[in-house]
Amino acid sequence: MHQIYPVAGPDLEVVPRASAGPLPDAVARLGHLYRNGAAANAVVQPGRGHLRANMVASADGAVTLGGRSGGLSGPADKMVFTVLRSLADLILVGAGTARAEHYRPVQRDEIWLQLRPAGAPLPPVAVVTGTLDLTGCERLLTVPPGPSQAIVITTGAAPADRKAALAGRARVIEAGEHAVDVTAAVIALADLGYPNILTEGGPTLIGQLTAAGLLDELCLTTSPLLAAGRAGRIVSGPPTAQPLSLGHALVDGDFLLCRYATGDRA
Ligand SMILES: NC(=O)c1ccc[n+]([C@@H]2O[C@H](COP(=O)([O-])OP(=O)(O)OC[C@H]3O[C@@H](n4cnc5c(N)ncnc54)[C@H](OP(=O)(O)O)[C@@H]3O)[C@@H](O)[C@H]2O)c1
């Protein structure tokens with residue numbers, strides 16, 4: 001893998017799985033690249049930190065192959081995925097993604113602890129859901145109380161029995177009565193001590209974050225595939241024309257990995 005924009009960079013060894021040993025030079029470089037720079041022109045509202053999305057899509061824009069994203073990924077995308085998780089305070093997903101991708105808690109051997117501040121807890125997963133249906137991602141509810149325990153972001157109107165069943169298994173935030181108000185949710189997460197949020201989708205949630213002006217940055221891997229079919233795109237919801245400015249671009253074989261900031265180039 002190597003950087004092609006804004007400047008050409010050296011070859012970076014692709015290390016798709018995190019480990020606890022010495023930090024590979026390529027991972028340290030990616031950590032630096034994704035920590036600094038491209039998001040500088042993002043406008044961040046008071047009361048919250050930074051929110052970036054990480055997604056993968058086929059060359060024709062599909063976000064799934066056979067209902068999941070795994071078939072679109074590749075070694076470099078997996079490496080960036082681990083680096084972005086390592087740099088985040090919290091992973092935010094919609095329940096559709098948590099269910100389809102069988103989300104589970106972040107494990108120590110899945111991220112580069114060396115990229116985190118010393119002693120920082122593992123990033124918790126926060127799930128946005130109106131139904132409180134966490135079928136397929138029940139393992140998220142196995143983390144003991146503490147800063148890495150899952151967070152469930154829901155509504156006042158969510159089923160009371162399901163809400164009660166989460167007691168002690170997740171921290172529950174109510175943000176909105178009939179639908180989650182994503183702005184209130186992101187501010188609540190910052191108040192809880194998670195200002196730097198990484199969202200891993202899906203399209204419905206990213207559509208709402210975009211519409212609310214909350215998305216600061218998009219990391220997008222373009223997979224060298226034409227998928228056709230009816231798979232969705234990385235953002236769904238009402239039409240918009242949100243400009244993006246390219247922060248950097250990396251290439252690994254036929255994969256393209258771009259980091260964009262939202263908003264026009266400053
Ligand atoms: N290619 C990629 O990088 C990538 C990344 C992520 C996901 N995906 C794929 O995308 C698909 C899922 O897409 P999706 O758009 O359905 O997923 P999503 O955005 O993850 O989830 C949608 C669900 O989130 C909850 N939700 C979102 N906003 C809400 C709000 N304001 N208030 C209350 N609940 C809210 C609802 O859950 P309830 O139904 O529980 O109320 C809703 O059904 C999966 O097939 C997944 O594999 C691909």
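This is a guided tour of a predicted model, moving from its nonpolar cores to the ligand and then to a few single residues. Residues are numbered from 1 along each chain as its sequence is written, and side-chain values use heavy atoms, with hydrogens and water left out. Because the model is predicted, local features need pLDDT of at least 70 and side-chain atom pairs count only at pLDDT 80 or more, while totals for chains, interfaces and linings use all residues.

**The cores**

Begin by selecting L30, Y34, V125 and V127, which touch the most other members of the largest nonpolar core, a set of 43 residues. A nonpolar core here is a set of buried Ala, Val, Leu, Ile, Met, Phe, Trp, Tyr and Cys residues joined through side-chain atoms within 4.5 Å; buried means under 20% relative accessible area, exposed over 50%, and partly exposed in between, with a 1.4 Å probe and protein chains only. Among the elements that give two or more residues to this core are helix 1 (25-35), helix 2 (75-87) and strand 10 (255-262), and helix 2 gives the most, with six residues. Helices (H or I, at least four residues) and strands (E, at least two) are DSSP runs, numbered from the N terminus.

With L30 still selected, show its contacts (heavy atoms within 4.5 Å): L30 touches M1, L12, M79, V80, V83 and L250, not counting residues up to four places away in sequence. A second, separate core of 28 residues can be found by selecting, among others, L90, A126, I151 and Y194.

**Helix 2**

Select residues 75-87 next. Ten of the 13 residues of helix 2 are buried, so this helix is largely enclosed by the rest of the structure; the buried residues include D77, R85 and S86 as well as M79, V80 and V83. The end C-alpha atoms of helix 2 are 19 Å apart, which agrees with the 18 Å that its 13 residues should span at 1.5 Å a residue, the expected span being 1.5 Å times one less than the number of residues.

**The ligand**

Now centre on the ligand, which 27 residues surround, the closest being V56, E101, T131, T204 and Q208; a residue counts here if one of its heavy atoms lies within 4 Å of the molecule. A backbone N or O atom of G96 lies 2.9 Å from an oxygen atom of the ligand, and polar backbone atoms of G94 and A95 are each found 3.2 Å from a ligand oxygen atom. Taken alone the ligand exposes 910 Å², of which the protein buries 82%, with areas from the Shrake-Rupley method and a 1.4 Å probe.

**Helix 6**

Select residues 203-211, where L205, I206, G207, L209 and T210 are buried. These buried residues pack against strand 2 (50-58), strand 3, strand 4, helix 5 (182-191) and strand 7 (196-199). Just after helix 6, G213 takes a positive phi of about 70°.

R48, in the loop between helix 1 and strand 2, is buried, with a relative accessible area of 10%. Its side chain makes a polar contact (a pair of N or O atoms within 3.5 Å; within protein, one must be able to donate a hydrogen and the other to accept it, and residues adjacent in sequence count only if both atoms are side-chain atoms) with the side chain of D216 at 3.1 Å, and R48 also reaches the backbone oxygen of L214 at 3.3 Å through its side chain.

N54, in strand 2, counts as buried at 7% relative accessibility.

Finish at L256 in strand 10, which is partly exposed, with a relative accessible area of 31%.
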